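I'd like to talk through some helix packing and then a pocket, so let me put the structure up.

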Amino acid sequence: MDEQLAGWADPAARLHEALEKDEFTLYGQPITALAAGAPRYPMAEVLVRMREEERALLPPGEFLPVFEHHGLVPQLDRWVVRNAVRHLARGSRIPRLTINVSGQTLQDASFPAFAAAELRAARVAMDAVMFEIDESDVLARLEAAARFASAVKAYGGGLLIDGFCRRAVSFAPFKTLRLDYVKVDGCVIRKLLKSNAADSKLQAVLRVAEALGIGVVAECVEEQDVLARLKALKVGYAQGFGVAQPQPLETVGAKP
């Protein structure tokens with residue numbers, strides 16, 4: 001499995017070396033606010049790439065499975081948090097960053113305390129970093145997700161569910177996790193103009209989210225017609241290649 005995924009003779013050692021030598025770089029994909037008069041990019045999702053001399057930047061799909069196989073994703077997530085916080089401390093153009101956390105990290109009881117310590121040490125606002133939990137991880141590890149969410153909310157951090165509606169819709173995690181935002185999956189957003197079911201599903205999410213005070217982000221927005229429909233439905237935020245493409249974190253939010 002290791003050689004098939006990465007082609008490394010000793011994958012575990014290679015990953016430890018990459019972490020120690022900071023052989024990763026952060027990208028960001030802006031999330032735009034759709035309400036008139038709101039700041040254009042109030043937040044951005046942090047994405048990680050791995051630097052390989054012969055293959056330039058590796059996308060997550062080429063190295064994350066190896067991290068998962070060796071149980072090392074929490075260490076990578078720590079690296080991402082540490083460097084994202086440093087970026088914020090240097091003066092980020094975008095005030096809030098969202099960071100994906102894996103199912104392995106949800107079960108790491110010390111991770112929220114680590115994140116809080118990094119934010120305090122850098123004198124960065126505690127809610128400047130928000131954590132994205134994938135819907136599949138919430139459904140598979142609800143107790144772990146609830147413990148993680150409770151610890152993050154206790155120090156003032158933010159939370160999102162990512163990929164919502166990919167499976168059967170259940171709104172129970174909204175209250176359990178005390179979410180700040182929910183990201184509606186592209187399987188709904190891409191069909192928005194062609195499927196009444198997709199449109200109805202999004203409107204149901206909007207009604208529940210509004211009642212609970214949760215922001216809604218539409219993922220995978222690729223067409224301007226879809227963006228117009230989102231605005232008509234009063235969806236708060238949008239993310240996707242039709243809004244802004246990923247770019248090095250240092251340049252996210254810069255004027256063209």
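So, α4 and α6: they cross at roughly 20°, and because anything under 35 degrees counts as roughly parallel, that is what we call this pair. Keep in mind that this is a predicted model. The axes of these two helices come within 9 Å, and α4 passes α6 in a right-handed crossing.

Who makes the contact? On the α4 side you've got Pro 74, Asp 77, Arg 78, Val 81, Arg 82, Val 85 and Ala 89. Facing them from α6 are Phe 111, Phe 114, Ala 115, Glu 118, Leu 119 and Ala 122. Sort those by class and you get nine nonpolar, no polar and four charged residues.

Now stay on α6, residues 111–122, and look at α8, residues 142–155. Here the packing angle is about 20°, with the axes 9 Å apart, which makes α6 roughly parallel to α8. The crossing is right-handed here.

For the residues, α6 brings Phe 111, Pro 112, Ala 115, Ala 116, Leu 119 and Arg 120. They meet Phe 148, Ala 151, Val 152 and Tyr 155 of α8. The tally for this contact is nine nonpolar, no polar and one charged. If you're clicking along, Phe 111, Ala 115 and Leu 119 of α6 turn up in the contact with α4, and you'll find those three in the contact with α8 too.

Which of its 20 lining residues are closest to the centre? Those are Val 48, Leu 64, Asp 77, Asn 100 and Val 101.

By class, the lining divides into eleven nonpolar, two polar and seven charged residues.

Conventions:
Residues are numbered from 1 along each chain as its sequence is written. This is a predicted model: local features need pLDDT of at least 70, side-chain atom pairs count only at pLDDT 80 or more; totals for chains, interfaces and linings use all residues. Side-chain values use heavy atoms; hydrogens and water are left out. Axes are lines fitted to C-alpha atoms, for helices over the stretch in contact, and angles run from 0 to 180 degrees between N-to-C directions. Helices (H or I, at least four residues) and strands (E, at least two) are DSSP runs, numbered from the N terminus. Angles under 35 degrees count as roughly parallel, over 145 as roughly antiparallel, 65 to 115 as roughly perpendicular and the rest as oblique. A crossing is left-handed if the near helix is turned anticlockwise from the far one by less than a right angle, and right-handed if clockwise. Contact means heavy atoms within 4.5 Å. Ala, Val, Leu, Ile, Met, Phe, Trp, Tyr, Cys and Pro count as nonpolar, Asp, Glu, Lys and Arg as charged, and the others, Gly among them, as polar. On a 1 Å grid over the protein atoms alone, a cavity is a set of points where a 1.4 Å probe fits but cannot get out, and a pocket is an open set with protein on both sides within 12 Å along at least five of seven lines; lining residues have an atom within 4 Å of a point.
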